[in-house]
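Have the structure open as you read.

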Amino acid sequence: MKNDNQNLFAALRAAFPADLDSIAVETDDELVYSWRDLDRATAMIANLFASLELPEGSRIAVQVEKSVEAMMLYLATLRAGYVFLPLNTAYQSAEIEYFIGNAEPAVVVCSPRNFGWVSKIAFQAGTRNVFTLGDDRTGSLLERAAQHPDRHEIAVRRSDDLAAILYTSGTTGRSKGAMLTHGNLLSNAQVLKDYWGWTPGDVLIHALPIFHVHGLFVAIHGALLNGSRMIWMARFDPKKAIAAMSRATVFMGVPTLYVRMLTEPTLTRTATIGMRLFVAGSAPLLLETFNEWRDRTGQAILERYGMSETVMLTSNPYDPKDGERRGGTVGFPLPGVGLRIVGDAGRELPRGEIGGIQVKGPNVFKGYWRMPEKTAEEFTADGWFKTGDVGRIDERGYVSIVGRSKDLIISGGYNVYPAEIEGFINEMPGVAESALVGVPHPDFGEVGVAVVIAKPGSTLEPEAIVAALKARLANFKIPKRCFVVDELPRNTMGKVQKNLLRDRYKDLFA
Ligand code: MLC
Ligand code: AMP
């Protein structure tokens with residue numbers, strides 16, 4: 001029978017093993033979910049959404065703690081054909097207010113403990129349906145879903161229909177919602193399935209948050225499209241992750257997770273002997289970490305590169321016949337992905353030269369939600385997406401990322417946009433100006449340091465600035481240190497020289 005349904009969930013569902021009673025997910029608190037459980041629960045939640053008679057293309061915004069049910073909510077949203085909008089659990093009211101106001105979701109799902117303030121924001125923005133979902137299977141979402149049938153015909157979607165919106169902060173201005181289609185996500189998942197050699201019997205340790213590309217798409221789609229079991233960790237714990245390796249074959253993490261596991265004496269060759277693949281990405285993996293991991297485990301971490309707008313772009317080879325895994329590089333463009341290095345004049349540069357990374361392919365997003373001008377700015381006239389990353393391709397074709405043209409700090413795999421933090425600091429009484437720079441950090445890779453100038457006649461306390469930020473912003477965005485200084489270094493044009501500040505504070509956490 002011909003199947004025209006391009007819904008990503010249809011492909012994932014088709015990959016479920018024949019034995020639906022076998023284990024799909026086991027959690028670190030010893031819960032077990034079968035494939036049948038995933039099928040039934042996603043059907044019930046999808047039927048609940050259908051009963052709400054939401055308009056086509058409705059956004060379902062979700063800010064809940066990580067749980068298997070939260071993953072089911074994502075899958076049910078796909079299944080019902082709506083658009084999933086995941087939100088970091090660290091976001092506070094000002095951040096949530098912006099996302100909900102901008103995306104105008106038809107449904108908001110939040111943690112029971114946040115219902116008071118989140119529902120207020122949602123109702124004010126015109127959202128009609130606010131449900132709760134706790135990390136212990138409590139909340140109105142599951143209560144309501146339980147009243148619906150556990151069979152559901154997967155909604156028919158085209159490849160070009162929206163599946164998810166992921167907000168990424170902007171260097172200037174407000175966050176932009178990257179619109180990803182069913183086709184973007186499915187094509188990328190299929191490429192990775194082949195490229196990373198997923199095989200029947202693989203078991204994935206899922207230890208990442210599920211509100212960003214890495215944990216939500218790369219990890220979950222990878223396992224589901226292969227019918228593979230997941231060992232599900234609600235929070236990353238290095239000891240538990242290492243202990244789980246005796247029952248697993250694949251691990252995915254941001255570099256901080258590898259750095260933390262390396263501090264554990266239990267990380268040995270024996271502990272990792274059954275593992276076939278360690279994937280790292282979302283932030284630069286230091287060569288030192290790559291080498292130390294190989295010395296301790298005998299295995300080379302496979303580093304790959306991607307972003308919210310494009311899902312995965314490049315990967316070091318999995319199969320040795322395609323080449324070795326080279327630390328300090330992000331490997332080759334994935335099959336189907338075009339990648340070029342472009343100079344200031346907009347012309348493609350020869351191998352070895354450093355320039356802006358531009359990409360093309362079926363994985364590249366559809367544009368920024370309701371921001372056609374921003375979308376147009378980020379694409380070239382001939383359709384290449386400007387990543388904002390700066391890199392080079394070596395003579396053997398390996399891509400290295402050497403910097404970023406966008407003013408961005410990546411801390412423990414989370415993005416921090418200095419312009420956003422500086423904006424908040426600059427609004428504080430007595431502040432004349434501020435600059436946030438990223439400096440090396442042994443655990444998070446990079447962290448933010450704020451440098452602030454007081455208005456004439458004002459006195460500022462660094463601790464008070466940090467405390468005021470904590471009340472407004474997600475915790476990972478808070479500068480780890482704050483300095484009040486007399487002046488900021490400037491170039492002849494009067495622009496703050498952030499490179500000099502980075503240099504001044506580079507050994508702060510050494
Ligand atoms: C936590 N803290 C951080 C932080 N995470 N500070 C800076 N950067 C971070 N990433 C701070 C908190 O503010 C808090 O400070 C203290 O650390 C303890 O908080 P916690 O929540 O208990 O921390 P912990 O559980 O240890 O979290 C660390 C972590 C987490 C590394 C496990 O940050 C994490 O899961 N990162 C993964 C991010 C990720 O999935 N990125 C993928 C993006 S997708 P205080 O002062 O309040 O006590 C993408 C595309 C691609 O980029 O290519 O994949
Ligand atoms: P996000 O907007 O959260 O999707 O983050 C995407 C950004 O993370 C990219 O534009 C890169 O700057 C960075 N990134 C992702 N993977 C890597 C990697 N392996 N090495 C260096 N930077 C990376």
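Predicted model: local features only at pLDDT ≥ 70, side-chain atom pairs only at ≥ 80, totals over all residues.

How do the residues of the shell around ligand 2 divide into nonpolar, polar and charged? They come out as seven nonpolar, four polar and five charged.

Residues are numbered from 1 along each chain as its sequence is written, chains are lettered from A and ligands numbered from 1 in the order in which they are written, and side-chain values use heavy atoms, with hydrogens and water left out.

Back to ligand 2. There are 16 residues around it, and Glu303, Arg304, Ser308, Asp389 and Lys406 come nearest (a residue is near if one of its heavy atoms lies within 4 Å). Now look for the polar contacts, meaning pairs of N or O atoms within 3.5 Å; within protein, one atom must be able to donate a hydrogen and the other to accept it, and residues adjacent in sequence count only if both atoms are side-chain atoms. A polar backbone atom of Ser282 is 3.1 Å from a nitrogen atom of ligand 2, and a backbone N or O atom of Arg304 sits 2.7 Å from a nitrogen atom of the ligand. Lys406 uses its side chain instead, with a polar atom 2.6 Å from an oxygen atom of ligand 2. On its own ligand 2 exposes 500 Å², and the protein buries 92% of that (areas are from the Shrake-Rupley method with a 1.4 Å probe; for residues, only the protein chains shown count as cover).

Which strand gives the most to this shell? That's β13, with five residues. Strands here are DSSP runs of E with at least two residues, helices are H or I runs with at least four, and both are numbered from the N terminus. β13 (302-307) and β20 (399-404) each supply at least two residues of the shell.

Ligand 1 has 23 residues around it, with Arg260, Ser282, Arg304, Ser411 and Lys480 nearest. A polar side-chain atom of Lys480 lies 2.7 Å from a nitrogen atom of ligand 1, and a backbone N or O atom of Gly412 is 3.0 Å from a nitrogen atom of that ligand. The protein covers 75% of the 1,000 Å² of accessible area that ligand 1 has on its own. α8 (213-225), α10 (255-262) and β13 each bring at least two residues to its shell. Domain 2 (302-404) and domain 3 (409-505) each contribute at least three; these bounds come from an automatic or database domain assignment.

Finally, the sheets. β16-β17-β19-β20 is the order of an open, antiparallel sheet of four strands, where two strands pair if DSSP finds at least two bridges between them. β16 (338-342) and β20 stand at the edges with a single partner strand each, so one side of each is left without a neighbour in the sheet. Inside, four bridges join β17 (residues 355-360) to β19 (residues 385-393), and Gln358 has Lys386 as its bridge partner in β19. Another open sheet has three strands in the order β23-β24-β25, with mixed pairing. Five bridges join β24 (residues 445-454) to β25 in parallel, and Val451 stands opposite Phe483 in β25.

Note on methods. Nonpolar A, V, L, I, M, F, W, Y, C, P; charged D, E, K, R; others polar.
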